[in-house]
Amino acid sequence: MNQSSVGVAITGSGSATPKVTLDNQGLSKIVETSDEWISSRTGIKTRCLASPTESVTDMGAAAAREAIAMAEITPAELDLIILATSTADDLFGSASLLQEVLGASKAVAFDLTAACSGFIFGLVTAAQFIRTGTYQNILLVGADILSRWVDWSDRRTCVLFGDGAGAVVMQAHGPSDRLLGFELRSDGSQNDCLQLAYQSEAKELIPGVSVSKGTYQPITMNGKEVYRFAVQRVPEVLSKALFKANMRTDEVDWLLLHQANQRILDAVAQRLQFPDHKVLSNLANYGNTSAASIPIALDEAVRSGRIKSGDVIAASGFGAGLTWGQRFSNGEGDCQI
Ligand code: ACO
């Protein structure tokens with residue numbers, strides 16, 4: 001528990017996904033794969049794909065509007081917007097345009113890039129601004145369109161990802177802090193396990209002066225290493241955050257992991273002795289939506305009434321970087337459900 005007098009609470013959530021879906025059967029017409037292989041290895045059945053005219057900003061705005069409405073504030077009251085994304089519409093950042101689209105004229109806005117850990121890193125970042133008394137109302141959006149960056153001829157990766165956006169409103173909440181503990185980690189030594197990397201191509205401007213005019217390359221992944229990393233590191237960091245929050249596993253109501261792969265969810269839950277019914281999972285319907293996966297799953301669980309007032313949620317993101325992070329929150333009075 002922090003020592004300041006200002007606590008943090010999530011007071012609204014929202015989500016938005018593209019209308020167009022591609023199921024495993026459809027994928028098997030694109031690459032040599034099958035519903036049986038994808039379902040048994042990943043738990044994914046279908047995913048939503050953004051059309052060429054849809055944008056991260058538009059999807060993020062749709063999710064944000066729901067979260068703002070649930071929090072019963074207006075966009076004009078927002079002090080800060082953090083857009084967690086690895087697939088911004090504009091490499092300079094898309095948060096400012098999101099601010100404009102929402103009409104959140106007072107809000108400072110910036111992008112935060114930490115791949116599939118982006119939402120958790122964003123939550124912790126936003127909490128610092130609230131705890132220090134700097135800002136009162138913060139919109140955090142996790143949104144990604146990974147389908148833009150998938151190699152659609154690579155069956156090892158293209159079956160895993162989908163597009164979507166999720167959002168929460170975080171507000172100053174008197175002295176009681178609903179963020180019970182957190183732990184963030186990065187390890188660049190395994191950076192090459194999962195990349196969407198810029199590939200340089202030299203262009204000579206004048207003799208002796210060359211610049212790079214390359215492009216970003218489709219996602220590459222060492223699936224086995226990423227799997228090993230996730231099932232080892234996530235339980236570790238989760239245990240550390242639990243310790244910091246002075247809580248036991250059996251006091252946690254929901255395990256809300258980044259929705260990467262059902263086998264990862266199952267292995268982490270098993271290591272921590274979380275029963276299946278406490279593990280939130282929606283990846284059968286969406287695949288891995290990167291920074292959007294945790295807020296989409298959170299929003300669905302809140303709106304369906306699964307997450308109830310007073311519930312304790314352990315959320316963990318993990319992904320490229322490699323990065324991973326863990327956050328505990330007490331749902332009491334959180335999202336107005
Ligand atoms: N359909 C059919 N066969 C396939 C497919 C597919 N879509 N993909 C791979 N295969 C084949 C391979 O070619 C290989 O065949 P071979 O033995 O003839 O060479 C065989 O299946 C086994 O391939 P592996 O890569 O060894 O498969 P593995 O059992 O490791 O499963 C998987 C792959 C599901 C990706 C697994 O490694 C995994 O879950 N890793 C974690 C990945 C992940 O979750 N990444 C995202 C997390 S981080 C983030 O969110 C950014």
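Start with the crossing of helices α7 and α8: in this predicted model, α7 passes α8 in a right-handed crossing. Select residues 223–244 for α7 and residues 262–271 for α8. Their axes come within 9 Å and cross at roughly 35 degrees.

Next, show the side chains at this contact. On α7, pick Y227, A230, V231, Q232, V234 and P235. On α8, the partners are R263, I264, A267, V268 and R271. Coloured by class, the contact of α7 with α8 shows eight nonpolar residues, one polar residue and two charged residues.

Keep α7 on display and move to the largest pocket. Four residues of its lining come from α7, the largest share. To centre the view, select F161, L194, Q195, I219 and M221, which lie nearest the centre of the largest pocket. The volume of this pocket is about 1300 Å³, and 49 residues line it.

Besides α7 and α8, two or more lining residues each are given by α2 (35–42), α6 (155–158), β9 (194–195) and β16 (312–319). Colouring the whole lining by class gives 22 nonpolar, 19 polar and eight charged residues.

Then colour by domain. The domain assignment gives domain 1 as 3–178, and domain 2 as two segments, 180–189 and 220–330. With the pocket still shown, which domains supply its lining? Both domain 1 and domain 2 do, with at least three residues from each.

For the last stop, hide the pocket and look at the boundary between the domains. Here 45 residues of domain 1 are in contact with 42 residues of domain 2. A distance drawn between the C-alpha centres of domain 1 and domain 2 spans 16 Å.

Methods. Residues are numbered from 1 along each chain as its sequence is written. This is a predicted model: local features need pLDDT of at least 70, side-chain atom pairs count only at pLDDT 80 or more; totals for chains, interfaces and linings use all residues. Side-chain values use heavy atoms; hydrogens and water are left out. Axes are lines fitted to C-alpha atoms, for helices over the stretch in contact, and angles run from 0 to 180 degrees between N-to-C directions. A crossing is left-handed if the near helix is turned anticlockwise from the far one by less than a right angle, and right-handed if clockwise. Contact means heavy atoms within 4.5 Å. Ala, Val, Leu, Ile, Met, Phe, Trp, Tyr, Cys and Pro count as nonpolar, Asp, Glu, Lys and Arg as charged, and the others, Gly among them, as polar. On a 1 Å grid over the protein atoms alone, a cavity is a set of points where a 1.4 Å probe fits but cannot get out, and a pocket is an open set with protein on both sides within 12 Å along at least five of seven lines; lining residues have an atom within 4 Å of a point. Grid points are joined across faces, edges and corners, and a volume is the space filled by probe spheres set on the points. Domain bounds come from an automatic or database domain assignment.
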